[in-house]
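Biologist: Could you walk me through some of the helix packing and a few of the residues in this one?

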Amino acid sequence: MATVAPPRTYRTAAPPRAKAPGVRHIGPNWYATVMGTAIIANAGATLPVDVPGLRTACTVVWALSFVMLLTLLTARVLHWTHHRDRVREHLLDPAVAPFYGCLSMALLAVGGGTMIVGQDWIGQQAAVAVNAVLFTAGTATGLAAAVAIPYLMVVHHRVESASPVWLLPVVAPMVSAALGPLLVPHLPAGQWQQAMLLGCYALFGLSLLATLVMLPLVFGRLVTAGPLPLVLTPTLFLVLGPLGQSTTAVNKFADVAPGVLPASYAEGFTAFAVIYGVPVMGFALLWLALAGAMALRARRQGMGFAMTWWAFTFPVGTCVTGAEGLALHTGLDALRWLAVGLYVALVAAWAVAGAHTLRGLVSGELLAAPGAPRPVTARTT
């Protein structure tokens, strides 16, 4: 009697494990954490008041922002290497793609902080070298984003209404305009310094005119369609970015123009700093009040923490530096105290956003896939 052989069993290979799974859902919006941290150092170091220990504290915060930048750049390299499908999704997502402008601003903010306070620890020569590298990289990526992201918005994205995040790609060159003057004194006199200063002025115009195109769309959307969804309400503060940063830029131009440009042009930059800066700062305060009221309304209606809360930091910080510059060129005590008051609000917003972000990283919630169930942190029955 023949024996029946037992059926063969085949071992199926397990699906390949995804590489670097922890960075799969880290998007370009995470650079906002670096921007919001660096502006604490940059704005605090130039406050028009003498606070014992403040500069040392700002230097520590700058070092933290530098470490955060290196860590995030490493994570994003892994993201681009192992999760290219997500990269494509981010670029084609109209809600995510504009955040690529944050990469430029993170590089620029940390580079500027290296010159402002970092030189206390690493020396001026090293600070200039580091800032030159970060400024060049930040400006190049900012200009690329200012062209590529609007192109994608026109050709590939399909949106129903305007969003304040549309400002992110076009405001990046304004950050270059505001921080570029830090390098002017370290360039050879003559053509090099003039080219750098006027190049920053061109970046100022590029960003300002692009903002003037975008901003009416944002305000028109609010008037015609009503408040933003709760989670997006903090993005209203992004409007403060080009306002405060442009005010900062014109004041920085006035600081370095004497001795670089002919006297008549240098005097013009000094006058322009006040003539332009004061009314723009006034509008920034108006928008701050409006955005603050909308944020309070959203909070009362149940707005919880999201990474959009980092919009409460960097844009407000640009208003601090703008008020600082105006205080220097006008001598008004009211502007000094405005800068101090805004800085206190900035530090409070940074502390809250930072604490929530750290908690989300420890729990793993912020690294989970969008819409995934939250990890259980308590025993359930």
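Biologist: Which residues in α1 and α10 meet each other?

Modeller: On the α1 side they are M35, G36, I39 and A43, and in α10 they are F314, G317, T318, V320, T321 and E324, where contact means heavy atoms within 4.5 Å. By class, that contact has five nonpolar, four polar and one charged residues, with Ala, Val, Leu, Ile, Met, Phe, Trp, Tyr, Cys and Pro counted as nonpolar, Asp, Glu, Lys and Arg as charged, and the others, Gly among them, as polar. Before we go on, please keep in mind that this is a predicted model, in which local features need pLDDT of at least 70 and side-chain atom pairs count only at pLDDT 80 or more, while totals for chains, interfaces and linings use all residues. Residues are numbered from 1 along each chain as its sequence is written, and side-chain values use heavy atoms, with hydrogens and water left out.

Biologist: And at what angle do α1 and α10 pack?

Modeller: α1 and α10, the latter covering residues 314-330, pack at about 20°, with their axes 9 Å apart. Helices here are DSSP runs (H or I, at least four residues), numbered from the N terminus, as are strands (E, at least two). The axes are lines fitted to C-alpha atoms, for helices over the stretch in contact, and the angles run from 0 to 180 degrees between N-to-C directions. α1 and α10 are therefore roughly parallel to each other, given that angles under 35 degrees count as roughly parallel, over 145 as roughly antiparallel, 65 to 115 as roughly perpendicular and the rest as oblique.

Biologist: Is the crossing of α1 and α10 left-handed or right-handed?

Modeller: That crossing is left-handed, a term used if the near helix is turned anticlockwise from the far one by less than a right angle, with right-handed used if clockwise.

Biologist: What about α1 and α2, are they roughly parallel or roughly antiparallel?

Modeller: Helix α1 (residues 31-45) and helix α2 (residues 54-82) pack at an angle of about 160°, their axes being 8 Å apart, and the two are therefore roughly antiparallel. Their crossing is left-handed. In this contact there are 15 nonpolar, four polar and two charged residues by class. The α1 residues that meet α2 include Y31, V34, I40 and A45, and those on the α2 side include L54, W62, M68 and R76.

Biologist: OK, aromatics now. How many aromatic pairs are there?

Modeller: The count comes to 15 aromatic pairs, under a rule by which rings of Phe, Tyr and Trp (its six-membered ring) pair if their centres lie within 6.5 Å, with planes under 30 degrees apart counted as stacked, over 60 as edge-to-face and the rest as tilted. One of them is the tilted pair of F272 and Y276, at 5.4 Å centre to centre and 40° between the planes. F272 and Y276 both lie in helix α9 (residues 263-300), four residues apart, about one turn of the helix. They also belong to one aromatic cluster with Y201, F204, F253 and F269.

Biologist: Is Y276 buried or exposed?

Modeller: Y276 is buried, with a relative accessible area of 13%, whereas F272 counts as partly exposed at 26%; buried means under 20% relative accessible area, exposed over 50%, and partly exposed in between (1.4 Å probe, protein chains only).

Biologist: And what is A177 in contact with?

Modeller: Leaving aside neighbours within four places in sequence, A177 is in contact with C200, L203, F204, A249 and F253. A177 sits in helix α6 (residues 167-179) and counts as buried at 0% relative accessibility.

Biologist: Last one, where is T308 and what does T308 touch?

Modeller: T308 is found in the loop between α9 and α10, and, not counting residues up to four places away in sequence, T308 touches V231, L232, P234 and T235. At 16% relative accessibility, T308 counts as buried.
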